[in-house]
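Dear colleague,

I am passing on a structure that you have not seen before, and below it I have set out what was found. Please have it open while you read.

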Amino acid sequence: MEPFQVHAIVQVTALLLLLFGIYYARKHDRRVHHYFVYSAVGLLTAGVAYMLYTVVGVPSAHGRFGLFVYAYVLFAAASGRLFWGRKLTRNTHKMIALSAVLLLFLQILAALYLYVL
């Protein structure tokens, strides 16, 4: 299996975990929501680290935007802690998290367009 295929599988799995996390946030099951979100962040970290190690740097625009999306997903996870500490409102955290998932989805679509099609 090629390195980019492993990276793609890990990133798509992380996206699915984030979507499950959104589902359980809507059901107000905080424990399961955190399990899915933190699992997704761990997978994203592994996927990004794997590609940085394999490619040795960030040679493409896809990679640079991917690092931005990764940082934004980390910010969204941190905004959950800010929401829990009453520094952010629920709607602000919700918009940050939904935009992070949307950016990850768009990044995956861009990868499909650039490298598969």
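Which helices each supply at least two residues of the lining of the second largest pocket? In this predicted model, helix 1, helix 2, helix 3 and helix 4 each do so. About 640 Å³ of space lies in that second largest pocket, and of the 28 residues that line it, H7, M51, H62, A111 and Y115 lie nearest its centre. Its lining divides into 20 nonpolar and eight polar residues, with no charged ones.

The largest pocket holds about 820 Å³ of space, and its lining is made up of 29 residues, with A25, H33, F83, R90 and H93 nearest the centre. Here too, helix 1 (3-26), helix 2 (30-55), helix 3 (61-84) and helix 4 (90-116) each supply at least two lining residues, and helix 4 gives the most, with eight. The lining of the largest pocket comprises 16 nonpolar, seven polar and six charged residues.

Turning to how two of the helices are placed, the axes of helix 3 and helix 4 come within 9 Å and cross at roughly 160°; angles over 145 degrees count as roughly antiparallel, and helix 3 and helix 4 are therefore roughly antiparallel to each other. Their crossing is left-handed. Among the residues that meet there are H62, F65, Y72 and F83 in helix 3, and R90, H93, A111 and Y115 in helix 4. The residues of this contact divide into 16 nonpolar, seven polar and one charged.

With best wishes

Notes: Residues numbered from 1 in each chain as written. Predicted model: local features only at pLDDT ≥ 70, side-chain atom pairs only at ≥ 80, totals over all residues. Heavy atoms only, no water. 1 Å grid on protein atoms, 1.4 Å probe; cavity = no way out; pocket = protein on both sides within 12 Å on 5 of 7 lines; lining within 4 Å. Points joined across faces, edges and corners; volume = space filled by probe spheres on them. Helix = DSSP H or I, 4+ residues; strand = E, 2+ residues; numbered from the N terminus. Nonpolar A, V, L, I, M, F, W, Y, C, P; charged D, E, K, R; others polar. Axes fitted to C-alpha atoms, helices over the stretch in contact; angles between N-to-C directions. Parallel < 35°, antiparallel > 145°, perpendicular 65-115°, else oblique. Left-handed = near helix turned anticlockwise from the far one by under 90°. Contact = heavy atoms within 4.5 Å.
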